[in-house]
Amino acid sequence: MLMMMLMSMPQGMDAGTTETVTQTGEAAATQGGGSALMGLIPMILIFVVFYFILILPQKKQEKKQRSMIDALVPGDEVITIGGIYGNVVSVKDDAIVIESSADKTKIKIAKSSISRCLTVKEEEKK
């Protein structure tokens, strides 16, 4: 390959000039690779910040909500997402029966529609 470069070299250039041009090309290629990495670093930093500000607290909130729903027992007072207050009558796999109003109306709702539990547990008091 070196022979081909020397043969195609213009008359005024010598072998030393060819090496300088090759070294300059390698330096430019190295710097170009570095700038691509420098352009990627801000994107990575933005993702890390979003993870700690948005995603991690959301996961903690979902875990807390799930544990509250799993801990429901008959007799607990709850509020649904729709704003209905009631007492838990029975808990099944994916549904809960609550009793609301003075007429003791029973409503079967999905577990995921429970917003809050108003009954204070003894563990939470401590």
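## Close-up views of a predicted model

**View 1. The largest nonpolar core of this predicted model has nine residues.** Its members are Met 68, Ile 69, Leu 72, Val 78, Val 88, Ile 96, Ile 98, Ile 109 and Ile 114. Nonpolar side chains tend to be buried together in soluble globular proteins. Ile 109 belongs to this core. Leaving aside residues up to four places away in sequence, Ile 109 touches Thr 80, Asp 94, Ala 95, Ile 96, Ile 98 and Ile 114. The model is predicted.

**View 2. Five strands form an open sheet.** Their order is E4-E3-E2-E1-E5, and the pairing is antiparallel. Strand E4 (105-110) and strand E5 (114-117) are the edge strands. Each of these two pairs on one side only. On average, neighbouring strands in the sheet are turned by 45° against each other, direction ignored.

**View 3. Strands E3 and E4 run antiparallel.** Strand E3 covers residues 95-100. Six bridges join E3 to E4. Ser 100 is found in strand E3. Across from Ser 100 stands Thr 105 in E4. Is Ser 100 buried or exposed? Ser 100 is buried, because its relative accessible area is 10% and the cut-off for buried is under 20%. Its contacts, not counting residues up to four places away in sequence, are Ile 84, Tyr 85, Gly 86, Thr 105 and Ile 107.

**View 4. The loop between E3 and E4 holds Ser 101 and Lys 104.** Most residues other than glycine have a negative phi. Ser 101 is not a glycine, yet its phi is positive, at about 65°. Lys 104 also has a positive phi, near 60°, and is a residue other than glycine. Lys 104 is exposed, because its relative accessible area is 53% and exposed means over 50%.

**View 5. Tyr 51 and Phe 52 form an aromatic pair.** A search of the whole structure finds one such pair. A pair of aromatic rings is described by the distance of the centres and the angle of the planes. For Tyr 51 and Phe 52, the centres are 5.5 Å apart. Their planes stand at 80° to each other, and the pair is edge-to-face. Tyr 51 counts as partly exposed, with 29% relative accessibility. Phe 52 is exposed, with a relative accessible area of 51%.

**View 6. The whole chain places the close-ups in context.** The chain has three helices and five strands. From the N terminus on, the order of elements is α-α-β-β-β-β-β-α. The chain has 126 residues, and 16% of them are buried. Among contacts between residues at least 6 apart in sequence, 34% join residues at least 24 apart.

Note on methods
Residues are numbered from 1 along each chain as its sequence is written. This is a predicted model: local features need pLDDT of at least 70, side-chain atom pairs count only at pLDDT 80 or more; totals for chains, interfaces and linings use all residues. Side-chain values use heavy atoms; hydrogens and water are left out. Helices (H or I, at least four residues) and strands (E, at least two) are DSSP runs, numbered from the N terminus. Buried means under 20% relative accessible area, exposed over 50%, partly exposed in between (1.4 Å probe, protein chains only). Contact means heavy atoms within 4.5 Å. Two strands pair if DSSP finds at least two bridges between them. Axes are lines fitted to C-alpha atoms, for helices over the stretch in contact, and angles run from 0 to 180 degrees between N-to-C directions. A nonpolar core is a set of buried Ala, Val, Leu, Ile, Met, Phe, Trp, Tyr and Cys residues joined through side-chain atoms within 4.5 Å. Rings of Phe, Tyr and Trp (its six-membered ring) pair if their centres lie within 6.5 Å; planes under 30 degrees apart count as stacked, over 60 as edge-to-face and the rest as tilted.
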